[in-house]
Amino acid sequence: MTDNKESVDANACGQRVVVMRLQKFLARAGVASRRGSENLMTDGRVRVNGEVKTELGTKVDPRIDTVTVDGREVRLADGAVTIMLHKPAGYLTTMSDPYGRPTVADLVPRDRYPGLFPVGRLDYDTTGLLLFSTDGELGNGLLHPRKHVDKTYEALVDGRVSEDELQLLRDGVLLDDGITLPAEAQLVKASRSDSTVLITIHEGRKRQVRRMCGFIGHPVIDLHRRSFGPLDLGNLPEGAWRMLDQEEECALRKAAGIA
Ligand code: URA
């Protein structure tokens, strides 16, 4: 990279990755001229991800790094954003509710990223990984029925689930909107009164896991989504959100068939 140029590379999936010098980022965001931005940096007024940056060689990735000047966040106007939320129970998956009930919009930075929308939905009582994006192409790709993006759920169900019942889930069960595609189903633990089952489905029908478990005679008590396509919830605390990193975005675009 030469002194004044931003580096436009392609990552593993050929996606454009723009890394630029911090002073250029500040100038482009309209904070000050390039020279003025350098002065802000050397005066110790600029932080990247919470760390003061005085060195003029510092580079930032505008899609990932958080840049502040005197404590106020600075952003470029362009660039799609995708985040994951650990959805708690008791929130509707919608960006607004006419009855004023709690919605996932209360939990994500919608003012900071206008146009953020949930990619798919989790039921009011379902917890776990819910993706949001400002990128319509990505969202549509991930939800397209032909893409068969995997979703893995941990279901606490009523009663003791047998191997034969798990096999029904694997083979496909007849719901009122048709037979489900083969799923993966594995018993994690069981007592006489309930069982925990890990279920991976490759489609996204309404209340699908609840209906599948109901079909085999084991109504869901609690439902939690652990992963969505290539993304894992990991140890993100309930109610918290985070940006995806570049590798995750890249893998997600691949899963959506738009890499
Ligand atoms: N399947 C369900 O039954 N509910 C969800 O929230 C997600 C998948």
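**Around the ligand**

Helix α5 (residues 208-215) gives the largest share of the shell around the ligand, three residues; helices here are DSSP runs (H or I, at least four residues), strands are E runs of at least two, and both are numbered from the N terminus. This is a predicted model, where local features need pLDDT of at least 70, side-chain atom pairs count only at pLDDT 80 or more, and totals for chains, interfaces and linings use all residues. Residues are numbered from 1 along each chain as its sequence is written, and side-chain values use heavy atoms, with hydrogens and water left out.

So who's in that shell? Look for L122, D123, T126, Y153, R207, Q208, V209, R210 and L223, counting a residue when one of its heavy atoms lies within 4 Å of the ligand. The shell splits into four nonpolar, two polar and three charged residues.

Now zoom in on the backbone. A backbone N or O atom of R210 sits 2.9 Å from an oxygen atom of the ligand, while for R207 that distance is 3.2 Å and for Q208 it is 3.3 Å. Taken alone, the ligand exposes 240 Å², and the protein buries 96% of that (Shrake-Rupley method, 1.4 Å probe).

Where does the ligand sit? Its space is the second largest pocket, meaning that more than half of its atoms lie within 2 Å of the pocket's grid points.

Technical notes:
A polar contact is a pair of N or O atoms within 3.5 Å; within protein, one must be able to donate a hydrogen and the other to accept it, and residues adjacent in sequence count only if both atoms are side-chain atoms. On a 1 Å grid over the protein atoms alone, a cavity is a set of points where a 1.4 Å probe fits but cannot get out, and a pocket is an open set with protein on both sides within 12 Å along at least five of seven lines; lining residues have an atom within 4 Å of a point. Ala, Val, Leu, Ile, Met, Phe, Trp, Tyr, Cys and Pro count as nonpolar, Asp, Glu, Lys and Arg as charged, and the others, Gly among them, as polar.
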